[in-house]
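Me: Please go through the local geometry, the helix packing and the pocket of this model.

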Amino acid sequence: MAPKTKFADGERILCFHGPLLYEAKCVRAEVKDKNVKYLVHYNGWNKNWDEWVPESRVLKCNEAGLQKQKELERAHAKNKKLNRLKLKAEKEKEKDLKEDKRERASTPTSEKSDKSSSSKHKAPIELEPAPALEPPKKKRTKPDSTVESEESFLAKIEVRIRIPEELKPWLVDDWDMITRQKQLVSLPCRMTVDGILDDFFKSKIGKSSSANKDAALEVTQGIREYFNVMLGTQLLYKFERPQYAEILVNHPDKPMSQIYGAIHLLRLFVKLPSMIAYTPLDEKSLHLLVTHLQDFLKYIHRHASNLFTLSDYAVAPPDYHRKAI
């Protein structure tokens with residue numbers, strides 16, 4: 001007798017993909033050789049990601065399943081952080097060992113120094129060189145207990161900017177369009193980063209106090225500056241770099257926030273937390289900044305239907321492919 005399927009066609013489910021659970025839909029079930037498999041479609045993902053999975057990878061999308069999803073996300077983030085700290089500590093240890101070896105190699109014995117002084121130096125050598133010429137000796141200083149270590153600092157300061165769930169599928173589709181389908185965002189964008197930031201600020205003018213207006217102005221200016229600085233180094237896929245190089249040549253005096261648009265701005269918020277963590281802000285100021293950034297993301301979410309569309313992408317011509325290799 002063939003086993004019964006636990007999940008119905010079209011049912012909302014949770015499916016394991018790697019170590020995490022993702023919301024998905026059961027497209028259909030199939031029983032073959034007494035094994036049950038499900039064709040699943042991940043919500044917000046391109047259909048190219050649809051796959052057949054065994055029943056062991058599927059959970060009910062109920063309160064218990066969603067709780068499990070959150071627990072896995074927290075555990076994954078914690079493990080990621082611990083691995084980063086462990087790797088940093090190992091690199092520091094390796095660096096210290098190399099410095100120790102260098103110190104020992106550069107410290108001559110009395111016998112070697114006598115030989116070298118008689119054979120290599122024609123002028124008399126000062127027995128006590130001037131302090132300015134004396135090579136500095138690297139001493140292991142005892143760590144000050146009042147100074148927080150870098151590891152504990154990194155463990156303590158963690159900036160989190162939550163991207164609304166409804167916007168995350170656009171990041172996935174964007175990755176797919178650029179890296180797999182070899183398409184490019186048409187530039188200049190119909191809605192540029194500057195235009196989006198200006199519209200956001202205007203929306204705050206009539207509703208907020210003067211203090212909040214000043215804060216909104218400061219935040220929009222900060223986002224604009226971060227975007228222009230980070231775009232070329234951290235916000236582009238490899239396939240987009242020749243396009244970026246052409247833009248620099250054709251618009252040498254124009255800031256990139258007047259050319260690029262919503263999807264590249266959304267990419268910024270993936271990278272922004274790690275950059276903000278290095279700003280010299282106290283905890284209260286940092287919390288206030290994150291609150292304003294979350295408010296801006298809510299604005300992007302509310303206007304997503306006008307800001308994001310796959311028609312903004314175009315297939316790259318053959319000669320561009322040759323440049324991108």
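**Backbone, packing and pocket**

Lys-182 lies in the loop between H4 and S6, where helices (H or I, at least four residues) and strands (E, at least two) are DSSP runs numbered from the N terminus. Residues are numbered from 1 along each chain as its sequence is written, and side-chain values use heavy atoms, with hydrogens and water left out. This is a predicted model: local features need pLDDT of at least 70, side-chain atom pairs count only at pLDDT 80 or more, and totals for chains, interfaces and linings use all residues.

Me: What is the phi of Lys-182 near?
Reply: Lys-182 is a residue other than glycine, yet its phi is positive. The value is near 55°.

Me: Is H8 roughly parallel or antiparallel to H9?
Reply: The axes of H8 (residues 262-276) and H9 (residues 283-302) come within 12 Å and cross at roughly 170°. Axes are lines fitted to C-alpha atoms, for helices over the stretch in contact, and angles run from 0 to 180 degrees between N-to-C directions. Angles under 35 degrees count as roughly parallel, over 145 as roughly antiparallel, 65 to 115 as roughly perpendicular and the rest as oblique. The crossing angle therefore makes H8 and H9 roughly antiparallel.

Me: How many nonpolar residues are in the contact of H8 with H9?
Reply: Contact means heavy atoms within 4.5 Å. On the H8 side the residues include Leu-265 and Phe-269, and on the H9 side Leu-293 and Phe-296. Ala, Val, Leu, Ile, Met, Phe, Trp, Tyr, Cys and Pro count as nonpolar, Asp, Glu, Lys and Arg as charged, and the others, Gly among them, as polar. The contact has no polar and no charged residues, and the nonpolar count is 11.

Me: How is H5 set against H9?
Reply: The axes of H5 (residues 193-205) and H9 come within 11 Å and cross at roughly 105°. That angle makes the two helices roughly perpendicular.

Me: How many charged residues are in the contact of H5 with H9?
Reply: Among the residues that meet are Asp-199 and Lys-204 in H5 and Asp-295 in H9. By class there are 6 nonpolar and 1 polar, and the charged count is 3.

Me: Which element gives the most to the lining of the largest pocket?
Reply: A pocket is an open set of points on a 1 Å grid over the protein atoms alone where a 1.4 Å probe fits, with protein on both sides within 12 Å along at least five of seven lines; lining residues have an atom within 4 Å of a point. The largest has a volume of about 2,400 Å³, and the lining divides into 25 nonpolar, 6 polar and 16 charged residues. With 12 residues, the top contributor is H1.

Key
Points joined across faces, edges and corners; volume = space filled by probe spheres on them.
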